[in-house]
Amino acid sequence: MPPSILWLCRDFRFRDNAALAAAAGAGPVLPVFLIDGALRAQGAASRWRLQRALLAFDAELRRRHGATVLVLEGEPWDILPALAARIGAGSLHRNDWPEPATIAAQQRLGRALAGTPVRLVLHPGHLLVHPRALRTGSGGAYRVFTPFARALRAIGPDRPGGEAASLSPLTDLPRGLALDRLDLAPDLHRGRAVLERHALPAGEAAAQARLGDFLDRAAGYAAQRDRPDLQATSGLSEHLAMGEIGPRDLWAIASARAKADPAASPGIAAFLTELIWREFAWHLLIEFPRLARQPWRPEWADFPWRGDSAALTRWRRAETGIALVDAGLREMRVTGRMHNRVRMVAASWLTKHLLTDWRLGLAHFADSLTDWDPAANAMNWQWVAGCGPDAAPFFRIFNPERQAAQFDPQGRYRRRWLLGWQGAEGEEARAYFDSLPPGWDVPRTWQDRATPERLAQGRARALAAHAAFRQAPVDDR
Ligand SMILES: Cc1cc2nc3c(=O)[nH]c(=O)nc-3n(C[C@H](O)[C@H](O)[C@H](O)COP(=O)(O)OP(=O)(O)OC[C@H]3O[C@@H](n4cnc5c(N)ncnc54)[C@H](O)[C@@H]3O)c2cc1C
């Protein structure tokens, strides 16, 4: 049998990995990872996390099958046809990661392979179902979450695929980049050591262990998932973003547990609804690729956002003087993660009180999150800003002080991240300062600037801008 190339892309797992199973079933396999333009365009923290996923996958590949990942630098349409010819490959297997830049790269590769005997085979597995499986009564894509979720639940997710029992590695490997000297995120500078200190374990085994741990405490999820001061959510988003666990597998395991454990069942149902939000984001991105860059509602192209400003710089540096906002942004600098409730509050502060274009916030999150996901990031930023599909209306403006009182009632979360806030001096609050690049002159003691006047003025300015925008005459030319 001719060998196959397994072209890896955020699918660093053995369970429910259709491309790996198909390649392994067809003959010897050469797993390949490419450092290409699409990867370089991704954020630094995400690339840093991806490297950990790649190394964990490679170690497991060696342990199980004596194979290793070949890492090459260059564009897929330049590298893969030549590589396939060199090893005599008959097919190239890939789990579809349906992000616009990746789809374009796959199409260009398809054109480069035309006329050669090599077939490019794309496999599903990044989503619960294919977007075409969910259609409204009039045949279009869903734009509203509740009917989307209902329709998905009615047909149920696709079943996870099996795991390849064996994989025969290709001998006589071409030379690639040394994995132990790889650095996919040279631009992280001082942030790297801090992220390394606060990293969660990477890899498929860690993802399955985290899921098991979460299911043991899932009974509290529905009531506590909005509390950043508690460990109530699953923490699975990094694993999902790297494909260390597949959503179909996750759904099947969690659903089986809900059936077996009635006390955990409501919590697991709420958790699966969140997984449907992830699915909704991806279906929207696939159907409407502009979601990642342009306002979903086209008229919002004219919204009078402020551009880059000193206030944006302070937001990026987590020194807005608003406790919950700065705590979240510092958590993200130190760990690469941020609790969902705090993401919403930080995004609301930027887009409403600071009246800043959501795309500037989106870019900062994309560069800083280890769980960066192009669909979830875009949909949620547009949701908060008010210009997205099924979005919160613009006039719903979070009051960060009230949000903090409700969701961090004893202040444990803020104390953890803000050095000096009510005498806080813990390791995590200090770690933020270890990560700062030269020139970021942030005072060691956190300064509270949440006066009632400031909160009220920001809110009033946002509402006035929105009212003027709504009344602006439509230019019909
Ligand atoms: C402005 C903003 C930007 C965001 N950017 C990202 C991003 O880049 N990557 C990302 O994975 N999530 C993003 N989210 C969604 C959400 O904050 C994270 O998925 C969640 O905090 C991850 O923690 P968890 O795994 O413990 O979540 P859990 O509560 O345990 O949820 C389980 C899973 O459901 C999915 N999920 C949960 N909430 C959402 C949501 N609102 N939208 C889409 N999927 C969701 C995630 O895959 C998550 O891992 C963003 C939210 C906001 C408000």
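Tutor: Let us begin with a term: a salt bridge is a side-chain nitrogen of Lys or Arg within 4 Å of a carboxyl oxygen of Asp or Glu. The model here is predicted, and its chain is divided into domain 1 (1-125), domain 2 (185-287) and domain 3 (298-470).

Student: How many salt bridges are there between domain 2 and domain 3?

Tutor: The count between these two domains is five salt bridges. R197 forms a salt bridge with E427, where the closest N and O atoms are 3.2 Å apart. Polar contacts are counted separately, and between domain 2 and domain 3 they amount to twelve residue pairs, both residues being at pLDDT 80 or more.

Student: Which element gives the most to the side of domain 2 that touches domain 3?

Tutor: That element is α12, with seven residues; the elements that give two or more residues to this side are α7 (191-197), α10 (237-241) and α12 (265-287).

Student: What is the area buried between domain 2 and domain 3?

Tutor: The size of an interface is often given as the accessible area lost when the parts come together. Between domain 2 and domain 3 the buried area is about 2,500 Å², of which carbon and sulfur atoms give 58%. Within domain 2, the residues that lose the most area to domain 3 are R190, H198 and P228, which together account for 24% of what that side buries.

Notes: Residues are numbered from 1 along each chain as its sequence is written. This is a predicted model: local features need pLDDT of at least 70, side-chain atom pairs count only at pLDDT 80 or more; totals for chains, interfaces and linings use all residues. Side-chain values use heavy atoms; hydrogens and water are left out. Domain bounds come from an automatic or database domain assignment. Buried area is the accessible area (1.4 Å probe) that two parts lose on being put together, summed over both. A polar contact is a pair of N or O atoms within 3.5 Å; within protein, one must be able to donate a hydrogen and the other to accept it, and residues adjacent in sequence count only if both atoms are side-chain atoms. Helices (H or I, at least four residues) and strands (E, at least two) are DSSP runs, numbered from the N terminus.
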